[in-house]
Amino acid sequence: MSSRGGKQKKGNVTSEQEEEEQPLQAVLVADSFNRRFFPISKDQPRALLPLGNVAMIDYTLEFLTSTGVQETFVFCCWMSNKIKDHLLKSKWCRPTSPNVVHIITSDLYRSLGDVLRDVDAKNLVRNDFILVYGDVVSNIDVSQALQEHRHRRKVDKNISVMTMVFKESSPGHKTRCEEDDVIVAMDSKSKRVLHYQKTQGLKKLQFPMNIFQHGSDEFEIRHDLLDCHISICSPQVAELFTDNFDYQTRNDFVRGILVNEEILGNQIHLYVTQDGYGARVSNLQMYDSVSLDMVRRWVYPLTPEANFTDQQGQGCTHSRHNVYRGAEVSLGHGSQMEENVLIGRDTSIGANCHISNSVIGNNCTIGDNVVLDRAHMWNNVHVSSNVEIHQSVVCDGAVVKEAVRLNKQCVLAYNVVIGPNLSLPEGTVVSMHHPEEEEEDDDDEFLSDDQEVGHSKDKTRQKAFNPAEVGPEGKGYIWKASMNDTEDEELAQCLWGLVLNPDPESDSESEASEESQDRSRSVSPEIDDVNAFQLEVLGTLQRGLEENIVCDNLVLEINSLK
Amino acid sequence: LQMELQAVLMAAGGGSRMMDLTYNTPKPLLPVGNKPLIWYPLNLLERVGFEEVIVITTKEVQKMISTDPKVKLDVKMKLDLVCIQEDADMGTADALRHIQQKVKTDVLVVSCDLITDAALHEVVDLFRAHNATLSMLMSKAHEFTETVPGQKGKKKTGEQRDFVGVDGTGKRLLFMANEADLDEGVVIRKSIMRKHPRMHIKTGLVDAHLYCLKKSVVDFLADNKSISSIRGELVPYLVRKQFSKSTNSPKVIDETHQNLKKNDKIQISSRDEELLHLTQERSCWNDHRGDMSDAYHGGRLRCYVHIMDEGICYRVNTLAAYIEANRLAPKLFDEPAVHPSAVVSERCLIGADSIIGASCQISDKTSIKRSTIGVSTTVREKVKVTNSIIMHGVTIEEGCNIQGSVICSNAVIGRGADIKYCLVGSHSTAREHNSKIAPEKRLTECHRAEVNITYHYKSITYNNCHKVSK
């Protein structure tokens, strides 16, 4: 910690009253710094992707505003202009907005670490602030967590630098995604985080002994927590990022603080909410779950009919079984909207359709005899008759022709045309961008480059669409689903994320081995001891014979072996 | 209760951690509040209605119980004394194996050094409610406040802590290990965390060494001769086994039923097991939240623990615990502090928190505070006894000042001795050589070992004591 930190401390203690009056600030990172949503995010930054027909960043801003944040710094990098345009048009930039939004753009941000270092360099935060990503959907009231955080900082002289917000949800919960699964060891009384680990791919969880050493005699190991990616940070957090230039992510930070706890004396605490909702849309699996949770009203009061973005024509009606209809929606004869369906304005649906658990955007046309289950359709999508779509994402402007079937986890990116008469296998990703074009851009290791994607368009145009893949009239390139790749890194990067598959049988092997260990352990100790002793004695006697050791000395030696 | 559980009392331990006290008196017969230690667990069992108890003990103890008039066990239960050889070095599990023939139902195993006012039904209820394989009693560890003779300063926390993991309800036992075995840190399988996502790890607990065990566990012990201690090996083994697959998977149950003996697996079948299984299948009751899988996740082996939040729970296995137990013992039973047969002079002062044993003689101008005086002890004039434990048959001559000390049976304290924080050993076989602390000597904070030497050579006492002043 620099001397600056020291000054800050003093300042905080003396100006306690000021502290109370200062507006609550938030840092919103509107970039994910990874390519999980490629190729979708080639055309639209992740924060602007619609969820329940509202851009994700609007949920985040609404959440911040409703918890009392008065000043928000939005940091954008990838496609920052689009985000900026969106925000300038939104209600957040109206003069009446209770939450003042500052947009800070830079192409140089490569990670969360860079953003926070910039926060420190520009000296933006004066007090405890909330740190979120632009893809967090939440209705948690963090004021209590904030209170606890402030209280801790007052009592413990600024030792606690961060309070992470978690939601309690048992393992196997739908909105928990495997790759974000964490295990936390905490002190039951002080709620202090002692150990924080991602559990992906681990069979055994190991907790070093040193975390159990200090004072307390009661610890808790929790695997029932969903990381909401909402953190309440002290101003020191930004400084710590500056001091440790190798911190890139929050994960680095948390691990670093916990490991260096004894040296730096910083601590991290957690706050667990039981009834709030909070999740980060980190992959399409999460997108699917969060979108449905939204329609099922788990994020109340952020519901589709609330029209919290306050935009003209976005309103919709809510009827039973969670069916929402926007303005000017036409529904053909014999079509059924079973449950959890949201339909945007000016959308027309043909006859004899079955729609359940789906979100359909604005200005879409859907033909006859269409079956939609867990389909997420964005705006201006055209679906012809006799189409079946299961758990898939269809982006803006896509066209699905006659008799196409999208199996689970398909993605049709912007302006793709598919069909007719085609069945896309599970996990197919189709985009207008050629996959190789992406690789050319790939020189840069860091993933949020704001390079103009279009520059290589001429080249890609030359490559013809493959009718076997996208249908005779199709337009688009298949992105080889990295799911099939065996490399683990690739696997972690795939669009949908790992399917949460609690496979209890999976660890049978280790159990079996442990069992045999048990056996040998339970049988061995005594026998082993006896054997070892016998061998030793034999060895000693032989040596004694060879080296002519006096008998008394041998007796002494053997006695000492016992 | 009798039909359901058989009580087994383990009273063969030597008390290796307080050798000074057990040098002559076997641990089960050490006087605590002028009652032999073994009385406390027996009384505990009697209070809840046991009519018979199997007592595993040594020949020596058996002989003393039947002959020594000072060892009076006023219990109405039928005691079935089973002797084991002292030199065989048998552990508690060995002892249980030894009496396997006598075990007809599930057993409740109690250690003889347990002094507690715990509600025993809590432990048994857990055992019944969950059809558990094992249920046990634990308590928050107590700080010993009294100064322990021969120990300088505070007892260092050198003892290794036990790590006990329980689930969110605080009842199910998920993890158990001693700090000494955790070189690589606490390692927990993810599958356990998935089933029990919230695990509390507690380190400040004492194991009361009170276990309810299924009969099948006793049978299992008979087949597995390598396990010799209940606490050291059997309990950790059972806790681990809860989550191992071979005993849990429903597919192999049928096979396991047949192959159990061969596989050395624990057989959990009893006569109504089939019926229970059916009920579990039909019932929608579930012991956990978050998913709809079977109760207990289909596991057939379950360990539970009842953790006492308040109340008395001591294991008298160290000198410090012994002293603490003596201080608290009077609160556990209401009997007159001064035994009717004791001869107590009117001109002496006896504090309300002291106990005077039978046929004691307390002379004039004596003051006794916060102390226990054993049977047939003679205290002469002008003696001051505070915070001390005086065992049976001790003679304290005139003008002695005894503070914070333990005086073992049949010792003689010479005239005018000033004894502070000492442990004075006993030697019942050689009456002439009883500990005699020479008159006018002050012994302060002696080392235990050194005091033990006192009863042979006075001169050595003089030289070896740490602080000797005239």
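Reader: Why are α5(A) and α7(A) called roughly perpendicular to each other?

Author: Helix α5 (residues 112–122) and helix α7 (residues 235–243) of chain A pack at an angle of about 115°. The class roughly perpendicular covers 65 to 115 degrees, while under 35 counts as roughly parallel, over 145 as roughly antiparallel and the rest as oblique. The two helices are therefore roughly perpendicular. Angles run from 0 to 180 degrees between N-to-C directions, and axes are lines fitted to C-alpha atoms, for helices over the stretch in contact. The axes of this pair are 8 Å apart.

Reader: Which residues of α5(A) and α7(A) make the contact?

Author: On α5(A), G113(A), L116(A), R117(A), V119(A) and D120(A) take part, and on α7(A), V237(A), A238(A), E239(A), F241(A) and T242(A). Contact means heavy atoms within 4.5 Å. Helices here are DSSP runs of H or I with at least four residues, strands are runs of E with at least two, and both are numbered from the N terminus.

Reader: What do these values rest on?

Author: The model is predicted: local features need pLDDT of at least 70 and side-chain atom pairs pLDDT 80 or more, while totals for chains, interfaces and linings use all residues. Residues are numbered from 1 along each chain as its sequence is written, chains are lettered from A and ligands numbered from 1 in the order in which they are written, and side-chain values use heavy atoms, without hydrogens and water.

Reader: What makes R297(A) partly exposed, and what makes Q409(A) buried?

Author: Buried means under 20% relative accessible area, exposed over 50%, and partly exposed in between, with a 1.4 Å probe and protein chains only. R297(A) has 21%, so it is partly exposed. Q409(A) has 7%, so it is buried. Phi is positive in both non-glycine residues: near 70° for R297(A) and near 60° for Q409(A). Most residues other than glycine have a negative phi.

Reader: Why is β10(B) described as largely enclosed?

Author: Five of the six residues of strand β10 (residues 173–178) of chain B are buried, so the rest of the structure largely encloses this strand.

Reader: How do you know that β9(B) and β10(B) pair?

Author: Pairing requires at least two bridges found by DSSP. Five bridges join β9 (residues 162–166) to β10(B), and the strands run antiparallel. One of the bridges links F163(B) with A177(B). Six residues lie between the strands of this hairpin, where G170(B) has a positive phi near 80°.
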